[in-house]
Each structure stands twice: as C-alpha cells, then as structure tokens.
Amino acid sequence: MAFTLPDAADADSPLKAEELQVLRAQYEKEGFYVGVQTKFNYAWGLIKSSSRNEQQEGVRLLSDIFRTAPERRRECLYYLALGNYKLGNYAEARRYNDLLLEHEPANLQASSLRDLIDDKVAKEGLMGVAILSGVAIAAGVVGGMLFRGAKRR
C-alpha cells in the first residue's frame, strides 16, 4: 500500500470547531510570546476554515511568520499559496506556489495546487469572456433595433 500526501483539495475539509478551538486556545495562552510553531499550527487551522475572515487571519499570521522566521519560509509557502487560493487571490497564490516549486519541483501538493489554481483562473477567464460576449451581443441587438427604428423615420 503506497503512502500518498493529501492533495490541495484536502484544504476544503475544515477542522472541527473543537479542534480549531484547541489551536486558538494555545495561541491565546502564549500571548505576546507566542511560539512560531504555535502560530503556524493556528494559521494552518484557520486556512482550512470555511470562514473567509478566518482564512484571512490565517494568511496574515503565515505572512508574519514568513517575514520574521526565515528558517520557516519554505513551510509557509504552500499554506500561503493555499490560503490565497481559497480567498480568490490567484496571482498571489501562484506566486507563492511557484516559489515553492522552484525549490521543490517534485512537490506533489504544490503540483496539485498549481493545477487547481490554473483551472480556477481558466474557468474565471472563460466566465469573463462569456459575460463580455453576452454584453456585446446584447449591445449589438439593442443597437440594431435602434438603428432600424431610426431608419424607419
């Protein structure tokens, strides 16, 4: 039986409220002197959340770790990419994920996330094209009707 890493879709399964509360309680207990690992664990739990506000807080905490703890940057890259993906910040997600893949080209989680980001960007791009096409067609129909109406006078 082969061991497989969880793919990026695993982030769509949030922690149970009690599990997140354990991480939150530890983070709050440490207060001003919160350790990097405690902050990372809490940020990870927040990123997995289905609450946008919690996801934003998770990204904020990870960004802080990324800035202040150079030895933990590699660990932060994947979850910063994932958090930004979940928030719809696809350019940021891609930037962090690409940085990770530069250092670890065989990282299966990052490869899976890259595929998710690319799919979402493509779908949203197609949606934008469809909306613009619909607006252009509607404008053409209205313009044609106005033009015909003006011709008849």
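Which residue lies over the face of Phe40? Select Arg72: it lies over that face, at 5.6 Å from the ring centre. A charge counts as over a ring if NZ of Lys or CZ of Arg is within 6 Å of the ring centre and within 35 degrees of the ring normal.

This is a predicted model: local features need pLDDT of at least 70, side-chain atom pairs count only at pLDDT 80 or more, and totals for chains, interfaces and linings use all residues. Residues are numbered from 1 along each chain as its sequence is written, and side-chain values use heavy atoms, leaving out hydrogens and water.

Rings of Phe, Tyr and Trp (its six-membered ring) pair if their centres lie within 6.5 Å; planes under 30 degrees apart are stacked, over 60 edge-to-face, the rest tilted.

By this rule there are 6 aromatic pairs. Select Phe66 and Tyr96, one of them: the centres are 6.0 Å apart and the planes at 80°, so the pair is edge-to-face. Phe66 lies in helix 3 (residues 52–68) and Tyr96 in helix 5 (residues 90–103), so the pair ties together parts 30 residues apart in sequence. Helices here are DSSP runs (H or I, at least four residues), numbered from the N terminus.

Tyr96 is buried, at 9% relative accessibility. Buried means under 20% relative accessible area (1.4 Å probe, protein chains only).

Arg73 lies over the face of Phe66, at 5.3 Å from the ring centre.

Last stop: Tyr85 and Tyr90. Their ring centres are 5.9 Å apart with planes at 55°, so this pair is tilted. Tyr85 is buried at 15% relative accessibility, and Tyr90 is buried at 14%.

Methods:
Helices (H or I, at least four residues) and strands (E, at least two) are DSSP runs, numbered from the N terminus. Buried means under 20% relative accessible area, exposed over 50%, partly exposed in between (1.4 Å probe, protein chains only).
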